[in-house]
Amino acid sequence: MEHAGAEAWVPSTRSVAKLAEAAESCRGCELWADATQVVFSRGRASARIALVGEQPGDQEDRAGEPFVGPAGRVLADALEAAKLDPSQVYLTNAVKHFRHTVRGKRRIHEKPAAGHVTACHPWLEAELSVVRPHVVVCLGATAGRSVLGRAVRIGAERGTVLEPATPGGPQVVVTTHPSALLRLRDRSEWGEAFDGLVGDLRVAAAAAD
Ligand code: URA
Ligand code: SF4
């Protein structure tokens, strides 16, 4: 489906708080209609590192804050292991409303389509131009697509410092999405995946200094 895109709702401002407030009324695609509220960002507006996820999940949709659910706990643990202070980073998502389908009493996460990522991109662009981080960490392929403007293969490109998407823009590091770890039942597989995520965050931390 074609979407109008968020452009018309994005104010010209140097304030993340003003962007977040304006996003409450965004109708740039249809995802607002079934969501509880917009989930914008949290963290430090002067951060050297910005982390970009996919979209809010069920708990984020209810709380209005990104990364407060199970994936957020994995991310918080990984940040700690990488010696990154969570209060010193900026956390946001490629898509700001929760895409899901309802099955009985459950709301099942549905991946945002490329059209949703494109529609929501003006918000990400606006907030990154306010925050101006040194490094953007893309958590998963959806974030990678939004930030780099192309298809990204996490397995092949993770953990190295990629060239900025735009000249003079922030360096980019792609890594796995923390929610991928939630699906791993095997202890050693989990440990390996966690260490991989932490290693990639360390690469980003080093590049941001
Ligand atoms: N997954 C994401 O990508 N973002 C969140 O905010 C929560 C879970
Ligand atoms: Fe606007 Fe993004 Fe929400 Fe779509 S997902 S309505 S573009 S804020």
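I began with the second largest pocket: by class, its lining has ten nonpolar, seven polar and two charged residues. I counted Ala, Val, Leu, Ile, Met, Phe, Trp, Tyr, Cys and Pro as nonpolar, Asp, Glu, Lys and Arg as charged, and the others, Gly among them, as polar. This is a predicted model, where local features need pLDDT of at least 70, side-chain atom pairs count only at pLDDT 80 or more, and totals for chains, interfaces and linings use all residues. Residues are numbered from 1 along each chain as its sequence is written, and side-chain values use heavy atoms, without hydrogens and water.

A pocket here is an open set of points on a 1 Å grid over the protein atoms alone, where a 1.4 Å probe fits, with protein on both sides within 12 Å along at least five of seven lines; lining residues have an atom within 4 Å of a point.

I found 19 lining residues, with Glu 125, Leu 128, Thr 166, Gly 169 and Pro 170 nearest the centre. Helices H4 (114-131) and H5 each give two or more (helices are DSSP runs of H or I, at least four residues; strands are E, at least two; both numbered from the N terminus). H4 supplies the largest share, five residues.

Next I took the largest pocket, about 760 Å³. Of its 27 lining residues, Gly 57, Ala 71, His 109, Ser 179 and Leu 182 are closest to the centre. Strand S5 (106-109) is among the elements that supply at least two. S5 gives the most, four residues. I noted ten nonpolar, ten polar and seven charged residues in this lining.

How values were computed: Chains are lettered from A and ligands numbered from 1 in the order in which they are written. Grid points are joined across faces, edges and corners, and a volume is the space filled by probe spheres set on the points.
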